[in-house]
Amino acid sequence: MASGRRTQKPSWRFTFAKRIPTADPTAELPVPAAFRCPISLELMKDPVTLRTGITYDRQSIESWLETGSLICPVTNQALEGDELLPNHTIRRLIQDWCVANRSFGVERIPTPRIPVTSIQASGLLSEIAFVGRRGDTARCQELVGKIKALGKESERNRRCIGSAGAGRVLSACFSELAAESFERSRAGAAEEILSALPLFFPLDQDSCRQLSSPKSLDSVVSALRSEDLDARVNAALVLRELLSSLPPRRINGVAGTDGLVEALSKLIQNPISPRATKASLVAAFYLVASSDRAAVALADTGIISSLLEILVDSDKGMCEKALAVLDGVLGCSRGREMAYGHALTVPVLVKKMLRVSDMATEFAVSALWKLCKNEKRGGGCSIEAVQVGAFQKSLLLLQVGCKVDFRGVKRPF
């Protein structure tokens, strides 16, 4: 499609007037050709001009340039650089046209903010790194807040700041500020960093190394226990990103952080938001999948009951994550002991077979297999599973070409 556009003559693009629907379904309002982006053919919201003199909507031309195309889509001229100059004249004319046609249902386009440049992003991040090493928490918090605000303005800003090394700088700064007691003098800046980091996921290895240091992990746990709900949500998001990026050997070390498993379990058992619960479930999954110690500790918090309650009435994503954690906890004898004593364990697991998704079915079958093969003589769990329909569903799985590994399957999110 894009290559087809390059072959068109410039005059074709600027003489064709597109009509758009208005508030009156029986009428159409022609959009001046000069107000439309030559790429998207839509009304420009942030017109910018290339060195070739052609004006495009910023989002469209940036997407074009990101594909590696180094020519002007209209003129086919080679581009020596990708400098985009805001065309304030065209933008004001478009805004005036919108206002003049307000009675036709046309809304005035807002004046776009000037996007951050790579030089500005690098400068801000360098200053954050400097004040972080110096221990100037007030200035650090102020600068991180500025970076966060810029990142929230647009996807382009997020990419630009992220490419400048935001993840590494913020993680290193968090490690510098981290303290055993999470002192209030540093907590504000550290919590601000935790709130900014999710904007610049995924994190690279250097960032994960900084965040997985003992001091940093202690501070993350303190944030998980904080009375500030936003701090708890952000800590759960950062922990999920960290654990999903580390190898199992490193995760086993993280699992030994004092209070970490208990804090995650509390977020699951006493939910504060779906986002925090899902992040906590994913983090818990990686912990129990890599550490038997974490599985035992999580079982001891009474997590089994909460997971079963989640499975009774939750959406697909939540069910998959809860089943993944439950399957991991049932890998230890303590987890199975707790599950045997709960009346809903077997019925809920059987109910979720073939009801949610392939992934949910895998975890449900794996969890049932662990319960049945490890139970003591008497076969109470196996008998109950047959009574509530596990046998028929298992046969159906085999008949339709089941992909489930009955030895126990773990799949990453």
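Helix α17, spanning residues 303–312, is mostly covered in this predicted model, since seven of its 10 residues are buried. The buried positions are Ile303, Ile304, Ser306, Leu307, Leu308, Ile310 and Leu311. In an α-helix there are 3.6 residues a turn, so residues three or four places apart point the same way. The cover over the buried residues of α17 includes α14 (260–269), α15, α16 (292–300), α18, α19 (333–340) and α20 (345–352).

**Overall make-up**

The chain contains 23 helices and five strands, and 48% of its 413 residues count as buried. Where contacts link residues at least 6 apart in sequence, 66% of them join residues that are at least 24 apart.

The largest nonpolar core has 101 residues, and the members with the most contacts inside this core are Ile128, Ile193 and Leu224. Helix α15, which covers residues 274–290, gives the most to this core, contributing 10 residues. Another core, of 23 residues, lies apart from the largest one and has Ile54, Tyr56, Leu65 and Val106 among its members.

Leaving out residues up to four places away in sequence, isoleucine 128 touches Leu143, Val144 and Ile147, together with Val169, Leu170 and Cys173.

| Helix pair | Residues | Crossing angle | Axis distance |
|---|---|---|---|
| α5 and α6 | 118–134 and 137–153 | roughly 155 degrees | within 9 Å |
| α18 and α21 | 316–329 and 358–374 | about 25 degrees | 9 Å |

Because angles over 145 degrees count as roughly antiparallel, the crossing of roughly 155 degrees makes α5 and α6 roughly antiparallel to each other. The crossing of α5 and α6 is left-handed.

The crossing of α18 and α21 is left-handed. Helix α18 brings Glu320, Leu323, Ala324 and Asp327 to this contact, where they meet Met359, Ala360, Phe363, Ala364, Ser366, Ala367 and Lys370 of α21. The residues of the contact of α18 with α21 divide into seven nonpolar, one polar and three charged. Helix α18 is also listed in the cover of the buried residues of α17.

Aspartate 57 is found in strand β4, which runs over residues 55–57. With a relative accessibility of 10%, aspartate 57 counts as buried, because the cut-off for that class is under 20%. When neighbours within four places in sequence are left aside, the residues in contact with aspartate 57 are Cys37, Met44, Lys45, Asp46, Pro47 and Val48. Aspartate 57 and asparagine 87 are separated by 30 residues in sequence, while their C-alpha atoms are 9.8 Å apart in space.

**Backbone details in loops**

The peptide bond leading from phenylalanine 201 to proline 202 is cis, with omega near 0 degrees, and proline 202 is found in the loop between α9 (184–196) and α10 (205–211).

Leucine 41, although not a glycine, has a positive phi of about 65 degrees. This residue lies in the loop between β2 (28–31) and β3 (47–49), and with 26% relative accessibility leucine 41 counts as partly exposed.

Leucine 354 likewise has a positive phi of about 65 degrees without being a glycine. Leucine 354 is placed in the loop between α20 and α21, and at 38% relative accessibility leucine 354 counts as partly exposed.

Key. Residues are numbered from 1 along each chain as its sequence is written. This is a predicted model: local features need pLDDT of at least 70, side-chain atom pairs count only at pLDDT 80 or more; totals for chains, interfaces and linings use all residues. Side-chain values use heavy atoms; hydrogens and water are left out. Axes are lines fitted to C-alpha atoms, for helices over the stretch in contact, and angles run from 0 to 180 degrees between N-to-C directions. Helices (H or I, at least four residues) and strands (E, at least two) are DSSP runs, numbered from the N terminus. Angles under 35 degrees count as roughly parallel, over 145 as roughly antiparallel, 65 to 115 as roughly perpendicular and the rest as oblique. A crossing is left-handed if the near helix is turned anticlockwise from the far one by less than a right angle, and right-handed if clockwise. A nonpolar core is a set of buried Ala, Val, Leu, Ile, Met, Phe, Trp, Tyr and Cys residues joined through side-chain atoms within 4.5 Å. Buried means under 20% relative accessible area, exposed over 50%, partly exposed in between (1.4 Å probe, protein chains only). Contact means heavy atoms within 4.5 Å. Ala, Val, Leu, Ile, Met, Phe, Trp, Tyr, Cys and Pro count as nonpolar, Asp, Glu, Lys and Arg as charged, and the others, Gly among them, as polar.
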